[in-house]
Amino acid sequence: MEQRTAIVSGASIAGLSVAYWLRRTGWQVTVVERAESFRDGGQNVDVRGVARDVLRRMGLFDAVKAKNTTETGTVLVDADGKVTAELPSEGTDGATAELEVLRGDLARVVLDHLPDGVDFVYGQTITAVEDRGDAVTVRLADGRALDADLLVVAEGVRSSTRRLLFSGDDVEERDLDVTMVFGTIPRTDGDDDRWRWHNSVGGRQVHLRPDPYGTIRAILAYSPGGDLLGLTRAEMLTAVRERYDGAGWEAPRILEALETSDDVYVDQLQQVRMRTWHRGRVVMAGDAAWCVTPMGGGGASLALTAGYVLAAELAAAPDDQPGALIAYERWMRPLVDDVQHLPRGITAFAYPQTRVGLAVRGVADKVLLSRPFRPLAAKLTQVAQTERDLPPLHDERR
């Protein structure tokens, strides 16, 4: 049988998982990435549910666990830093998961263990796609044309390739009205090994999380959100400083440190919902297909799982690629739908605007996180859970 070829657009967790599993099942894989080189850095992600089994099948469970952020638990704190409540972190999938790692570290582990034969094209984007039925041709920004049997779009939430191929009723881009500013800042003697989370009036959150590199990962999240994506760095920081005036706790420290941090990232949370994830010889995976946002959680777990399931279904039906893509979507949909259906009113609850709202939130936190309700609260962090077995996979290396 002639070797099948795939182009994977995007070299983050979803794209690397797809490349890993397609290559292990005999495909020739080329990964196209818009960045000039592999992107390290980034904030916390975790591996939960069925994705833990995927890591074990990759033989990478221990390698990922060794990259643990050192975070040991999650607490809510008041303006003085006093703990007011603690989130459940028992077991493997608590608020702080057993496999709690930085995005770049997780991606690096997968990258370093890719089977031989995966090619990379950095510094390029896809400008046109032609699906001829028997093959797909991808044109890159530099004019090159690449032919393949399959194109996997594993880009980010604002995927430009998705917009080339799907539009109108095919895609819903749902703005959650939440802005998040991430940054790496210096660690101080007052920091510890817990995720510390402070809520302030005006719909503002302040987060500090430890990392394994002697620094702290800081997050400023607020709602209603603001349009920061088109601003310069200086304009963005000015807008955030104004928004966080009087927020209290560690907000002034974070804002000062962000001025000189070389790792600052802004996101305006947007869910992506697609009527279908495939068309012809094109299939979607990861945030480009179903961005669940940090409010839903589980994005990295879904990304890892998607690569395995896609490769397994394609290996099970080598002469029926359309049927394999249908089977992939059928298997993944329940996991994605479970995370994307956010409870009504979750944004208002998570981002109280007034002192009264903040007080009500504080009472609710103490009740929900009290001993009788802790099992219920623990279920809120259990994503990518399924009682179904992963599809069997024929590994060409065996």
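Student: Which residues do ring pairs link into a cluster with Trp21?

Tutor: This is a predicted model, and in it ring pairs join Trp21, Tyr20 and Tyr308 into a cluster. A search of the whole structure gives 8 aromatic pairs.

Student: Is Tyr222 buried or exposed, and is Tyr244 buried or exposed?

Tutor: The cut-off for burial is a relative accessible area under 20%. Tyr222 has 2% and is therefore buried; Tyr244, with 3%, is buried as well.

Student: Which residues have a charged group lying over the rings of Phe349 and Trp331?

Tutor: Arg361 lies over the face of Phe349, at 4.7 Å from the ring centre. Over the ring of Trp331 sits the charged end of Arg388, 4.0 Å from the centre of that ring.

Student: Let us turn to the sheet. In what order do its 7 strands run?

Tutor: Strands of a sheet pair through backbone hydrogen bonds, in either a parallel or an antiparallel manner. Here the 7 strands form an open sheet with mixed pairing, in the order β5-β4-β13-β14-β15-β12-β16. The edges are β5 (83-87) and β16 (264-274); each has a single partner strand, so one side of each is left without a neighbour in the sheet. From one strand to the next, the twist averages 25 degrees.

Student: How do β4 and β13 run, and how many bridges join them?

Tutor: Strand β4 (residues 73-77) and strand β13 (residues 194-200) run parallel and are joined by 5 bridges. As one instance, Gly73 has Arg194 in β13 as its bridge partner.

Student: Which helix packs on the sheet and touches β12, β14, β15 and β16?

Tutor: That is helix α7 (residues 251-258), whose direction makes about 85 degrees with that of β12 (171-186). Of the 8 residues of α7, 6 are buried, so the helix is largely enclosed by the rest of the structure. The buried residues are Ala251, Arg253, Ile254, Leu255, Ala257 and Leu258. Their cover includes α6 as well as β12, β14, β15 and β16.

Student: Which residues have the most contacts inside the largest nonpolar core?

Tutor: In soluble globular proteins, nonpolar side chains tend to be buried together. The largest core in this model has 83 residues, and Trp290 and Tyr328 have the most contacts inside it. Helix α10 (residues 299-316) gives the most to this core, with 11 residues. Among the residues that Tyr328 touches are Trp277, Met284, Trp290, Val309 and Glu313. A second, separate core has 23 residues, including Leu208, Leu220, Ala247 and Ala251.

How values were computed
Residues numbered from 1 in each chain as written. Predicted model: local features only at pLDDT ≥ 70, side-chain atom pairs only at ≥ 80, totals over all residues. Heavy atoms only, no water. Pairing = 2+ DSSP bridges. Helix = DSSP H or I, 4+ residues; strand = E, 2+ residues; numbered from the N terminus. Axes fitted to C-alpha atoms, helices over the stretch in contact; angles between N-to-C directions. Contact = heavy atoms within 4.5 Å. Phe/Tyr/Trp six-rings, centres within 6.5 Å; stacked < 30°, edge-to-face > 60°. Buried < 20%, exposed > 50% of the residue type's maximum accessible area, 1.4 Å probe, protein only. Lys NZ or Arg CZ within 6 Å of the ring centre and 35° of its normal. Core = buried A, V, L, I, M, F, W, Y, C linked by side-chain atoms within 4.5 Å. Lists of a residue's contacts leave out its neighbours within four places in sequence.
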